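Subject: Structure handover

Hello,

Here is the structure you asked about. Please open it first, then read the notes below.

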There are 2 protein chains.
Amino acid sequence: MAAFSFDKLVIFGVGLIGGSLARALRERGDVGGAREVVGVGRTAASTARALELNVIDRSAALDDDRSLAEALDGADIVLLAAPVAQTRPLLERIAPFLGGQTIITDAGSTKADVVAAARAVLGPASLQPPVDGARARRAHERLGQFVPGHPIAGREASGVEAALADLYVDRNVVLCPLPESRPATVARVADMWRAAGATVHEMAPPQHDRVLASVSHLPHVLAFAYIEQILQSQDAALRFAFASGGFRDFTRIAASSPEMWRDICIANRTALLEELDGYTAVLAALRAAIEAGDGAALEAVFARSRAARTDWQLRAARPAAAANGDSESSK
Amino acid sequence: MAAFSFDKLVIFGVGLIGGSLARALRERGDVGGAREVVGVGRTAASTARALELNVIDRSAALDDDRSLAEALDGADIVLLAAPVAQTRPLLERIAPFLGGQTIITDAGSTKADVVAAARAVLGPASLQPPVDGARARRAHERLGQFVPGHPIAGREASGVEAALADLYVDRNVVLCPLPESRPATVARVADMWRAAGATVHEMAPPQHDRVLASVSHLPHVLAFAYIEQILQSQDAALRFAFASGGFRDFTRIAASSPEMWRDICIANRTALLEELDGYTAVLAALRAAIEAGDGAALEAVFARSRAARTDWQLRAARPAAAANGDSESSK
């Protein structure tokens, strides 16, 4: 367990993801020091349940300037844990109140769009002319306060009631630092996730988005499409009635949040479309083999898939190892 | 628990499916009467493990005429539980030794091809001319001894070691009786599966094959294709390293037997191709919505899918109910 101390952590969006980090840092040992977790919701009401459950110490409301300013005053770290489409409006809302020592990170499932939003809102690109060197430098530094991140963890259940202190234990967190980020800033965000039990990796945003499009976003789209196809059939009820164990596991992710997955599909559309087209091509090849009755071709693909899936299962017990060519941050 | 008594049950292929029925009938109470379960393997060696595990009482070898004749002599019920592609050769091997009182059923995942094999091997179509009325009638009756069936149960694990006495408890078994079958013959096969704990339904073979293509065969193909696509990528190892819980469940069925799924894809190719084409069309529509950034269209599909999947999960605890329009056999 890594040590991580802070005086004030501010979480925007105290649902499953934000709430689980709050619980991890407040309930797991060894975080040390005086500390306070502030939860920010759209309105005061939206954080009431988090307060009731003792997941946060204090709450603030996004729609209230004074409440927001107080929340951000003296904050060590700000975590954006709202749906990824809200990243840019949130950054715009936060920027005027942001102190020079506060680190911002996020938990969004896509990263290239988050980086673009941060550049547009925090970086030199956000400045109205005339821009002098000093202003440009300050904007550059402000952009460097932001460390894009993605904890790869979740449950179908959502909301603060579903938050778990151990959600991140032995899970992977990917950070996508900007060239503008100072190493010490990145290290501090990494330490926070390690204190919650996670293993931390670094990737470039396009690499992150391609990998996640493949192993997470595509299967969600495939599972949603599969249920949709059954619903479009004439005998959907009969089909569902004879669905069994394989169906159950294959479709579990089709019960995920429609809003969240709508946002992810759009935010990561470039990488996702590439994976979708690759998948369609593989499926077309399998279709041709089925139509031709080419048992050898089918068996070859199925056997390769089974071997890879079985091998993955054996390795899945531990978090992503360094054996895969990504640049892991130092432990 | 339904009562079911027999003197001699002969199982061709004592693996997961055949072995589990043997264990259910031998180990679960209330089957009553003197009874014997004979396991038939390709060779004597292939049933040795089933004998060792006490799953069967006696074994016989398919490649030995005398052993096979002894096994089938006086058999009440014969269950074919070998991979579905072996149905026709098995029927051809068995036919010469089959007594007039023996019921034959099978456990294949597809039914139209099994019915065609039974008609070709057992029915009037099997007769060499000249065919007189008496011979035709006997062939008609012999065909009526066969009751196609499909227990919808399984595990990724295969082989007799994986056989479970309770594999069929609260699972669905579909029987696809032929017009030639006598009701008493069908009822006896249904009683056997009920004694193993299953709920028994009846469907016409094309309906069975369409439903199973949709809820079982298609997802297997989709999962195999998905792993194959990752393997074809440049950074497969990195992708696997960041795959998480959603991936795990979505791909579990990609660890299934390549031989078994090769056979099923080919045996049920007509129905499977129809489902595959329907799926590809739904996926193309989703692709267009993603490319257009049409969040409303995506969210509508995702929300419908989630609602249906959630509803299914709530109903899944109990076996298929009569609410779905299929003709259930009497309980």
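Axes here are lines fitted to C-alpha atoms, for helices over the stretch in contact, and angles run from 0 to 180 degrees between N-to-C directions. Helices (H or I, at least four residues) and strands (E, at least two) are DSSP runs, numbered from the N terminus.

The conventions come next. This is a predicted model, where local features need pLDDT of at least 70, side-chain atom pairs count only at pLDDT 80 or more, and totals for chains, interfaces and linings use all residues. Residues are numbered from 1 along each chain as its sequence is written, chains are lettered from A and ligands numbered from 1 in the order in which they are written, and side-chain values use heavy atoms, with hydrogens and water left out.

**Helix packing, chain A**

Two packed helices are described by the angle between their axes and the distance between the axes. Take helix H8 (residues 205–232) and helix H11 (residues 258–267) of chain A: their axes come within 11 Å and cross at roughly 125°. H8(A) and H11(A) are therefore oblique to each other. (Angles under 35 degrees count as roughly parallel, over 145 as roughly antiparallel, 65 to 115 as roughly perpendicular and the rest as oblique.) The crossing of H8(A) past H11(A) is left-handed, that is, the near helix is turned anticlockwise from the far one by less than a right angle. Contact means heavy atoms within 4.5 Å. On the H8(A) side, Ser216(A), His217(A), His220(A), Val221(A) and Phe224(A) take part; they meet Trp261(A), Ile264(A) and Cys265(A) of H11(A).

**Strands**

Two strands pair if DSSP finds at least two bridges between them. In chain A, strand S7 (residues 149–152) and strand S8 (residues 172–175) run antiparallel, joined by four bridges. Gly149(A) sits opposite Leu175(A) of S8(A). S7(A) is covered on both faces: Gly149(A) and Pro151(A) on one side, His150(A) and Ile152(A) on the other, are all buried. Buried means under 20% relative accessible area, exposed over 50%, partly exposed in between (1.4 Å probe, protein chains only).

In chain B, three strands make an open sheet of mixed pairing, in the order S7-S8-S9. Its edges are S7 (149–152) and S9 (199–202) of chain B, each pairing on one side only. Direction ignored, neighbouring strands of this sheet are turned by 20° against each other on average. S8(B) (residues 172–175) and S9(B) pair in the parallel sense over four bridges. Asn172(B) faces Thr199(B) of S9(B) there. Helix H7 (residues 183–195) of chain B packs on the sheet and touches S7, S8 and S9 of chain B; its direction makes about 165° with that of S8(B).

**Backbone points**

Pro129(A) and Pro130(A) are joined by a cis peptide bond, with omega about 0°. Pro130(A) is in the loop between helix H5 (112–122) and helix H6 (133–144) of chain A. In chain B, a cis peptide bond joins Pro129(B) and Pro130(B), again with omega about 0°.

Asn54(A) is not a glycine, yet its phi is positive, about 65°. Asn54(A) lies between helix H2 (48–52) and strand S3 (58–61) of chain A, in the loop. At 48% relative accessibility, Asn54(A) counts as partly exposed. Asp170(A), in the loop between S7 and S8 of chain A, has a positive phi near 60°.

**The two copies**

Chain B can be laid on chain A with an RMSD of 0.0 Å, by a turn of 180° and a shift of 0.0 Å along the axis. The two copies are thus related as by a two-fold rotation axis. Superposition is by least squares on the C-alpha atoms of residues with pLDDT of at least 70 in both.

Best wishes
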